[in-house]
Every structure is written in structure tokens, then in C-alpha cells.
Amino acid sequence: MKYYRVLMAVFVLSVMFWPLANAEELSAYQIAKKSEDLMNQARDTQAEMSMILVNKKGDTRQRKLMSYGKNYDNGAQKALIVFESPADVKGTSFLSWSSPDKDEDEQWLYLPALQRVRQISTGGKGESFMGTEFTFYDMGNRNLEDENFTLLKEEEIEGETCYVIEAVPKEMKYYSKVITWIRKDSSMPLKMDFYDKKGKYLKQGMFGSIQTIKGIKTPTHIEMHNVQNGRKTIIELSNIQYDTGLNDDIFTQRYMKRGR
Amino acid sequence: MKIRHALTIPALLASLAIAPTAVAAGEGFDKLKEAVSINGYLESNGIYALEDSSPDEDPSYMFELRLKSELGSWGMFTAIVQGIDDGKVIDADNGRLINEFDAIYQDKNPFLNIDEAYLDIYTDNADFRIGIQKFAWGRLDEINPTDNLNTEDLTQASLNEESERKIGVPALKANVYTDLINIELGWVPRYVPYRLATSEERWFPPVLRAPDTIPTGTMIGDIPVTGIYEEIDLPAFTLDNSELGIRASRYIAGWDLSVSYFRGYDTMPVYTVPTELIINLENILSFDTAVDALAHVTPKLHQMQVFGCDFSTTYGPFTIRGEYAYFDGKYYTRKTEDVLADEITLAKQQDIMEEFLRELIRSGFTKTRQTFLLEPDFELQMDSMKYGIGLDYIHGDTTLSGQLIQEYIPDYDSHKPIRFNDGGYDTIITLALKQYFLQNTMEANLDMIYNFNFKYYLVRPWLAYNFSDSIKATLGLIWLGGEDEYSLIGQYEDNDQVYAKLRYSF
């Protein structure tokens with residue numbers, strides 16, 4: 001139900017590290033801060049998303065959905081996810097409003113079988129959702145003030161030279177640290193390693209198939225591989241559109257019920 | 001314990017065999033699918049009865065087709081049609097193919113059901129829906145006292161999901177959206193009655209069953225009773241008899257709030273039991289008489305008003321939901337045995353016998369068989385209120401939901417007890433626990449209901465497994481009971497069962 005955050009995370013990650021190639025003189029924190037400022041440059045977004053869940057035997061299950069997002073001048077964000085498949089969840093939709101002056105997002109879930117919109121709580125952000133290898137936290141907006149950043153080194157990986165940045169939370173809630181590899185030439189993330197609260201290696205995110213859409217570089221293929229349980233989640237984005245002037249009415253309970 | 005349905009497993013396998021055919025057929029509709037969105041499922045359902053004393057039930061099969069067709073930017077047509085082979089039905093003799101909107105006892109099998117079929121029309125500030133449709137008001141789970149525009153199919157008591165129970169009704173709906181408030185208006189031109197299982201079926205409510213005998217306390221002894229279950233007498237098709245509901249909603253600072261009003265007919269059964277006493281003079285010399293009774297179990301309809309409100313909000317990891325309804329002019333059914341005991345008094349029996357003798361003599365001893373109609377007052381009109389609060393907690397793959405729901409009748413008359421209420425109160429607690437496993441491939445559920453007044457309970461653990469995105473199997477247990485066998489759930493205490501479902505979705 002929080003797949004919209006995956007898309008948001010992709011957008012965030014795609015622009016978060018964009019300026020790094022030209023900012024070698026900046027500290028890791030400054031790099032991250034500048035990335036934060038750039039991450040919401042698209043006023044609105046919409047895309048089709050395919051999400052494939054792979055278990056450790058290699059069996060797969062697929063979800064298809066439509067995602068809509070919009071940023072507001074006051075820093076607020078609204079997002080809507082509508083499930084297209086599988087058939088038994090078609091029409092299910094998820095609406096989220098976030099605001100910088102509120103600790104928690106406001107969220108609603110619409111189940112077509114019940115024809116009711118239900119307000120839901122944010123829940124435990126450290127938990128997996130919908131069986132994916134993403135957590136609620138992964139797909140939300142990171143508050144950089146809560147983390148300490150260190151530029152560890154430069155490293156060549158898969159034939160590309162990358163910056164390696166370590167982020168350690170000031171107050172550990174979900175991860176003990178996250179290490180990110182940033183492509184030096186394109187400033188796009190290539191890999192992220194997540195460590196659990198005990199400091200053990202937990203999972204790895206890979207970002208590929210980068211497309212430039214309306215000047216915004218966007219990875220359209222993301223894999224999150226949990227090395228502890230052997231499971232993987234693959235996200236494919238298509239028909240990505242930025243700044244089409246999405247109407248505010250889309251982000252309402254009315255639209256959730258209509259589904260169009 | 002016994003196995004009643006050896007066909008259950010073959011039935012489940014049969015649906016799998018049919019599934020590829022459905023897929024092939026679906027492929028042939030590719031062009032149609034460009035214009036019309038087609039989804040649906042094929043489901044088989046079998047039970048394993050745990051008690052000997054409840055009626056049999058064969059496996060059921062259901063095919064549901066969901067069609068959606070966009071009509072430009074201004075509208076959409078939706079139809080949900082079901083084909084059902086209902087294993088609960090015994091000796092179907094209706095002879096009709098499609099579910100009717102004017103009968104409580106449908107008694108047909110197999111049959112088609114138009115679950116919903118409506119046209120949506122969209123404008124800038126309002127949406128309209130015309131056709132067979134379902135409304136969904138209120139914030140509680142499964143029990144919504146403010147939700148009265150649709151009646152329910154109670155042929156499986158109220159144990160299946162609300163979306164399955166609710167009967168789509170021909171209606172007009174308008175949703176008007178403003179910056180201040182959203183308003184929903186529902187108009188049902190003609191009341192559509194609830195549906196009940198027939199008296200021989202597994203889920204016929206025992207509380208509606210006529211008593212086997214009427215005790216007289218005299219030398220006549222117990223009078224044997226034959227129950228006759230009458231069909232409903234629908235109100236005339238007039239504007240005054242139509243049903244109307246209006247609901248205003250707004251989201252304010254984290255709170256979803258609504259107020260609502262309904263004027264229409266009660267969605268739940270209310271019954272009278274006019275009874276014919278048949279006295280037959282068997283031997284004119286010895287004056288031996290035989291007395292029999294025909295109890296006509298007759299549904300009654302009454303209009304009422306419902307004033308309601310509801311809310312939902314979040315607090316930390318919790319979602320809090322509440323709903324309140326005030327029923328103005330609601331009718332209740334008195335207990336049959338109490339009413340008949342009050343009616344068949346010694347004085348009344350003497351009056352009847354005197355009348356019998358007078359008529360016998362007046363007829364020259366030819367009217368040896370006479371019928372006397374007893375029409376005691378089975379119904380009581382009392383205002384009441386029903387309210388509840390629910391709490392949901394979601395943590396990762398775990399969802400826990402609890403509700404406390406109470407009905408209160410301020411003017412309850414303890415000398416005239418009614419069904420399903422104890423001294424003016426009826427209080428239940430519900431609990432639903434869901435846990436996902438294996439990347440949401442499997443879910444374990446536990447649903448429970450407990451009633452504090454009648455001490456009845458429902459415990460339903462069930463397990464669902466998705467073999468693929470299209471094939472889902474469910475295995476569950478329904479365990480019912482209670483101290484009062486005539487309580488809402490306790491009446492079904494002989495209906496414990498294990499059930500299995502297999503669904504192919506496309």
C-alpha cells in the first residue's frame with residue numbers, strides 16, 4: 001500500500017546525488033543537503049510501476065500499479081497509488097498526504113470490495129510492507145538532520161567510478177548505517193548497502209536503466225536484495241511523466257473511489 | 001463428526017480444471033478488453049460439518065464477471081454479474097433464473113445474480129450513479145448501524161463478508177463535492193427485502209422457526225404446530241414508500257467526520273406469527289376433539305428514521321473509528337413462545353371452546369371442524385440507539401483490529417422481552433487478527449465475536465495461501481455457540497464447520 005513511496009524514493013535518489021560530480025569540494029553533509037534541495041524539483045509525477053517479488057527459491061509474484069505524486073510550495077507532498085493487478089486487488093488505492101509541519105503522514109486506503117475509504121495510521125516504519133524488501137522508512141523522505149554523513153572513498157564498481165558515502169543515524173531506529181555508491185560521471189546512485197541495528201549486513205539496493213526525462217535523471221530499474229532472507233524485490237518504472245499539471249482533485253478520497 | 005461432502009475435494013479440483021478454459025476464453029476477448037475492462041473469478045466452496053444435527057450443504061460454485069467500460073471522460077458503466085450453483089439450497093423449486101428484488105425466500109438453484117450494474121456520470125463538482133448498486137456508510141467493520149440503504153443476503157446467516165452479504169438495490173446516488181463539505185444522497189425508489197434461507201436449509205434462523213407445540217396447561221394438552229413461512233408483503237410502489245438517505249462528510253485536522261440521516265425500512269427481519277387454531281370434533285358422542293395449530297411466520301415491514309454520525313482518526317500507530325445511530329420508530333420482535341403463552345390463557349381457551357360449541361349447535365352439528373385465528377401482538381415499537389468504537393493497529397505484516405459495539409433501548413419493557421436484546425442492552429466485542437507470511441503469499445487470520453449479554457461466541461480461524469497471483473486457497477473453521485440458543489449467533493450452535501475455498505481470479 002505504500003508503493004507510491006518506492007516511486008518517490010526513486011525520484012529522491014535520482015536527484016539526491018545529482019550534484020555530486022561537480023561538488024567534490026563539498027563535505028558529505030553538504031552534498032547530502034544539496035541533494036535534499038534538489039530532490040523535489042519536479043512539481044508532479046506519474047508513472048506505471050511493475051513490482052516483482054522474488055523468494056529465495058526464485059518464485060515470483062508481480063504487482064502492477066499507477067502512481068501519482070505532487071509537491072507543494074510549502075514542502076507538502078501528496079501521493080496516490082492505484083493497483084492495476086493482480087485481479088483480486090485491482091482498484092485498491094492508497095492516498096498519502098505529508099506535510100513538513102507534521103510528524104506523521106495522513107493516509108487512506110480504499111478497498112473496492114468494501115467501497116469504503118479507511119484512514120490508516122503510519123504504522124511501524126521499520127517494517128516490511130506488502131511483502132517487499134522495502135520498509136516504510138526506505139520509501140519515505142529521509143531527514144538529513146538525523147544522520148551524519150562521511151565521504152569514505154572513491155571506488156570503481158561495475159566499471160564505473162563511484163563516490164562512497166556512509167550515513168549513520170544520530171539516533172538508531174532502523175539501520176545502524178547505510179553506505180551509498182554514487183556514479184561519479186552521472187551523479188546517479190548505483191548501489192546502497194543497508195546494515196541492521198546489530199551492525200550486520202542486511203540488504204543491497206541496485207539502481208539501473210537510468211533515463212533522462214524532462215531533464216531529470218531517473219533510474220527505472222531497482223532491485224533490493226535482502227541477503228539475510230535471500231529474497232528480492234524488483235521495481236520497473238515506465239511511462240514516467242513529470243510536470244504534467246496533475247490536478248489536486250486526484251489526491252482526494254473522491255478520486256480513490258472513482259479510480260480515474 | 002462426520003464427512004458429509006465427499007465431493008468437496010473433487011469440486012475444488014474441478015474449478016482448477018475449468019480455470020485454463022476461462023483463460024483461453026479470456027484471450028479471445030482481447031479486442032473486447034480494449035474497450036471493456038474484464039475481471040472476475042471462479043470459486044468453489046465446500047464445507048465439512050462438525051455436527052450431525054444440522055442440515056446438509058453441498059459444494060458451491062460461483063463465477064463472477066466484472067465489466068467496466070469507460071464512456072469518455074464523463075462516465076463509466078459497471079456490471080458485476082454472478083452465476084451461482086449454491087450448495088446450501090435444498091430442493092429448489094422457484095423455477096426462476098435470476099435473483100428477484102421482491103422475495104425473501106429465493107429458493108432457486110442454479111441462478112444468476114446481478115450484484116451491481118450502474119452508470120456513473122461525472123461532472124466537475126458532482127458524481128451521479130444510476131442503477132443497481134451498494135452504498136457503504138459508517139466506519140465500523142461489518143456492523144454499521146448508519147448503513148441502511150442496502151439490505152443483506154442472510155442465507156449464510158451473517159458469517160460471510162459484508163461485501164458478499166449486501167444486496168445491490170436499484171437506486172440513484174449523487175455525490176456533491178464542495179470546499180466545505182461533501183454530500184452523498186441516496187434514493188431507493190422501492191425497498192428490496194433481505195434474503196433468508198428456506199426453513200429446511202442449514203442457515204435458516206432457528207429463532208424464526210415455529211414452536212413444535214403450544215402448551216395449554218389444560219386437558220387439551222400440547223397443541224401440535226405446523227409452521228408456514230410466508231413471503232413478504234411489499235409496500236406499494238409510491239414516493240412515500242421510497243427510501244432516502246443523506247450523508248455529509250468532511251475531513252478536518254486529521255479527523256474524517258460524517259453525519260447522516262436515513263428514512264426507510266428496517267433492514268433486519270421483524271416477524272409476526274398469526275396462528276390458526278383448528279378444532280376438529282372427532283367423535284360427536286364422546287365429544288373427543290383434536291386441536292392443531294398453523295403458525296404463519298410472517299415478515300413485517302416498518303418505516304423508521306435513523307440519525308447517525310461517525311468518525312475516524314489516527315493516534316500514533318492506532319486508527320480509531322466510531323459510529324453512532326439513533327433509531328426513531330424501530331420495531332422489534334417479541335419472543336414467540338412468550339407471546340403464545342400469553343395468548344393461550346385458560347380464559348381464552350374457554351372462550352374458544354364456547355364459540356366452537358355455539359357454532360356447532362347453530363350449524364346443526366355439521367361444523368365439526370372450525371378455525372380460530374389468533375393474532376397476538378408480536379411487535380414492539382421502541383426507539384433505540386446503536387454505537388460502537390473500533391481500534392486498529394498495523395505493525396508490519398500484522399494487523400489487529402478490535403471493536404466494542406452496543407445496542408441500547410431506553411424504554412425496554414422487561415415484561416415483554418424481545419429477540420436479541422437483554423434488559424435493554426446487547427453488547428458485543430469483535431476481534432480480528434491478520435498475519436502475513438512469506439512475502440504476503442500466506443495469511444493467517446483469527447476472527448472472533450463475543451456477546452456479553454447472551455454469552456454467545458463466534459471463533460473463526462482461517463488460513464489463505466496464494467499459489468500464484470491467480471489461484472488462492474482458503475481453509476477455515478467456524479465455531480459457534482452460546483448459552484442462549486435463541487441468541488443471534490447461539491441459534492446456530494449446531495452449525496460448526498470446516499470450510500475450504502479455491503478461487504481462480506482473472
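Modeller: Two strands pair if DSSP finds at least two bridges between them. The strands themselves are DSSP runs of E with at least two residues, while helices are runs of H or I with at least four, and both are numbered from the N terminus. Bear in mind that this is a predicted model, where local features need pLDDT of at least 70, side-chain atom pairs count only at pLDDT 80 or more, and totals for chains, interfaces and linings use all residues. As for labels, residues count from 1 along each chain as its sequence is written, with chains lettered from A and ligands numbered from 1 in the order in which they are written.

My pick is a run of strands in chain B. Start with S23(B), residues 425-437, which runs antiparallel to S24(B), residues 442-451, with 10 bridges joining the two. They make a hairpin with four residues between them, and in that turn B:Leu438 has a positive phi of about 50°. S24(B) also pairs with S25(B), again in the antiparallel sense, over nine bridges.

In S24(B), B:Glu443 stands opposite B:Tyr436; towards S25(B), B:Glu443 stands opposite B:Ala464.

Now zoom in on S25(B), residues 457-466, which holds B:Pro461. B:Pro461 counts as partly exposed because it has 15 C-beta neighbours inside 10 Å. (The scale runs from buried, with 20 or more other C-beta atoms within 10 Å of a residue's own, to exposed, with 12 or fewer; partly exposed is in between, and C-beta atoms are placed from the backbone.) Once you set aside neighbours within four places in sequence, B:Pro461 is in contact with B:Asn445, B:Leu446, B:Gly476 and B:Leu477, where contact means C-beta atoms, placed from the backbone, within 7 Å. B:Ala444 is 17 residues away from B:Pro461 along the chain, yet their C-alpha atoms are separated by 7.6 Å.

Stepping back to all of chain B, you get five helices and 27 strands. Of its 506 residues, 34% count as buried. Contacts between residues 24 or more positions apart make up 63% of those with a separation of 6 or more. The C-alpha trace spans about 85 × 55 × 40 Å along its principal axes. One of the helices, H5(B), covers residues 346-362: its 17 residues reach 24 Å from first C-alpha to last, close to the 24 Å expected at 1.5 Å a residue (1.5 Å times one less than the number of residues). Just after H5(B), B:Gly364 takes a positive phi of about 70°.

Then there's the partner. Chain A has three helices and 13 strands, and buried residues make up 40% of its 260 residues. Where the chains meet, the contact takes 26 residues from chain A and 28 residues from chain B. On the chain A side, S2 (60-71), S6 (116-120) and H3 (253-258) each supply at least two residues, with the largest share, four residues, coming from S6(A). That side splits into seven nonpolar, nine polar and 10 charged residues. (Nonpolar is Ala, Val, Leu, Ile, Met, Phe, Trp, Tyr, Cys and Pro; charged is Asp, Glu, Lys and Arg; the others, Gly among them, are polar.)

Last, the cores, meaning sets of buried Ala, Val, Leu, Ile, Met, Phe, Trp, Tyr and Cys residues joined through C-beta atoms within 7 Å. The largest has 43 residues, and those with the most contacts inside it include A:Leu65, A:Val82 and A:Trp108. S3(A), residues 77-85, gives the most to this core, with five residues. Beyond four places in sequence, A:Val82 is in contact with A:Leu65, A:Met66, A:Ser93 and A:Gly259. Another core lies apart from that one, with 22 residues, and it brings us back to chain B: B:Ala157, B:Ile428, B:Tyr456 and B:Leu480 are among them.

Note on methods: Two residues are in contact if their C-beta atoms, placed from the backbone, lie within 7 Å.
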